[in-house]
Amino acid sequence: MAERAALEELVRLQGERVRGLKQQKASAEQIEEEVAKLLKLKAQLGPDEGKQKFVLKTPKGTRDYSPRQMAVREKVFDVIISCFKRHGAEVIDTPVFELKETLTGKYGEDSKLIYDLKDQGGELLSLRYDLTVPFARYLAMNKLTNIKRYHIAKVYRRDNPAMTRGRYREFYQCDFDIAGQFDPMIPDAECLEIMCEILRSLQIGDFLVKVNDRRILDGMFAICGVPDSKFRTICSSVDKLDKVSWEEVKNEMVGEKGLAPEVADHIGDYVQQHGGISLVEQLLQDPELSQNKQALEGLGDLKLLFEYLTLFGIADKISFDLSLARGLDYYTGVIYEAVLLQTPVQAGEEPLGVGSVAAGGRYDGLVGMFDPKGRKVPCVGLSIGVERIFSIVEQRLEATEEKVRTTETQVLVASAQKKLLEERLKLVSELWNAGIKAELLYKKNPKLLNQLQYCEEAGIPLVAIIGEQELKDGVIKLRSVASREEVDVPREDLVEEIKRRTSQPLCIC
């Protein structure tokens, strides 16, 4: 290593000598001689295998967000948060990493996607995989038995990213959960109502919410002859039916997971059915399924759920789908997933397959896993797939070339003549202190045309123009950027006039 370092230093010095000779316009022979020496030294150094060219990029499965993208993202978040608050939810936050033990054994086959942090001699830690398990840990740790909460934060999965479809390794989840002992299906129905409210408000296209119950699935597996030990792994196979054909799922069950072909066929008779409350009533009369206690409980609850959904006016958006399995281990009752029926295709848009845009379910046993005495706190919740929603909204904006405001500035403080920087600074300070969102250009003597142009580009609706005459008259010229109309406003009335003119909520897309 020392020899290499010495050689590198000689190469550096010889390189400087060659550059110096070129600057001094030395003779070609002398420069050639010194270049030959440099090449000889470099040859002794050999190829530097240790050094690789550094590529400036974000890690796989992650991305940066431009101001335009963040403006869209904030609007989506505003819609979601206002809905959560409308339904009386409080907000919490938890650490971005948890003890590895907290996350272990909660996600079934998906556990392999958890990011483990390097052991540095302290606690063994992992990045959170979702917001549900940390929420259950929070409830058990704080001995809470009753809360309605929402939580919006980033989670991490070592998944195969498909970024065009809104699948990342680092992404936001927007969760809403109701914890507590309540009468059956009332909180569950509200969760589905919230899901529908948000998807309607975001206007991303027509959607359908698939509903099932883990007890119906487990009962179905039992009567079909699936061994208890294979329930979860077969559940994981069934969950793929929205992506691949029944034949492929059956081949996986039989070929990879060792299920008898006739058992797989029996499962196939059930999981390919979907419908509404009439299917629930039909299965309640099923000679085999109606004999299974778990399945019967699940079907009874689903019937009640459909009654409440009808009262909420959303039953037409819900489909009872026996293939919905939701691979996560912690679900114990009703499960649901919202999918877009078709991605809206407008002029210039490519069809975008984004899969599910919201999901959730009931998990009554998860909190008990963390409680020293195993005390259970029934929970039900939902998660909005915001990254997939962003993909749809962004693509639509690109196709329509719709202008997106990236700031909320209400007024630009401008001057019509030179040497008015002090007056502009005084006025902008007055506006800031009055709660007005205001800007000024960072030049002593900007041209009025440049200031007006800046407003056009940034979407700023008003310009407060100061001139020598306005200062004498004690007024400010207020200009509407859109209509180009100008009025003189007494300085003491300026704040109220700006507020009056910009009282409409600012739209960012």
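Here is a friendly walk through this predicted model, point by point.

1. **Ground rules.** Residues are counted from 1 along each chain as its sequence is written. Because the model is predicted, local features need pLDDT of at least 70 and side-chain atom pairs count only at pLDDT 80 or more, while totals for chains, interfaces and linings use all residues; side-chain values rest on heavy atoms, with hydrogens and water left out.

2. **The sheet.** Start with the open sheet of 9 strands, whose order is β1-β4-β5-β11-β10-β9-β6-β8-β7 and whose pairing is mixed. Strands (E, at least two residues) and helices (H or I, at least four residues) are DSSP runs, numbered from the N terminus. Two strands pair if DSSP finds at least two bridges between them. At the edges are β1 (90-91) and β7 (274-275); each has a single partner strand, so one side of each lacks a neighbour in the sheet.

3. Strand β1 runs parallel to β4 (residues 147-156), with 2 bridges between them. Glutamate 90 has arginine 149 in β4 as its bridge partner. Valine 91 is also part of β1. Is valine 91 buried or exposed? With 53% relative accessibility, valine 91 counts as exposed, given that buried means under 20% relative accessible area, exposed over 50% and partly exposed in between (1.4 Å probe, protein chains only).

4. Histidine 274 faces aspartate 321 in β8. Strand β8 also pairs with β6 (residues 207-213), in the parallel sense and over 3 bridges; there, valine 211 has phenylalanine 320 as its bridge partner. Along β8, Ile318 and Phe320 point one way, Ser319 and Asp321 point the other way, and all are buried.

5. **The nonpolar cores.** In soluble globular proteins, nonpolar side chains tend to be buried together. A nonpolar core is a set of buried Ala, Val, Leu, Ile, Met, Phe, Trp, Tyr and Cys residues joined through side-chain atoms within 4.5 Å. The largest one has 99 residues, and among those touching the most other members are Phe84, Phe221, Ile267 and Phe320. Helix α6 (residues 186-202) gives this core its largest share, 9 residues. A second, separate core has 16 residues, including Leu427 and Leu462.

6. **Two annotated residues.** The unreviewed UniProt entry places a "binding site" feature at several positions, including Arg157 and Tyr331; such annotations may be inferred rather than shown by experiment, and their positions are given in the numbering used here, with feature names shortened. Where is arginine 157? Arginine 157 sits in the loop between β4 and β5 and, at 17% relative accessibility, counts as buried. A polar atom of its side chain lies 2.9 Å from the backbone oxygen of tyrosine 129.

Terms used: Polar contact = N/O pair within 3.5 Å; in protein donor to acceptor, adjacent residues only side chain to side chain.
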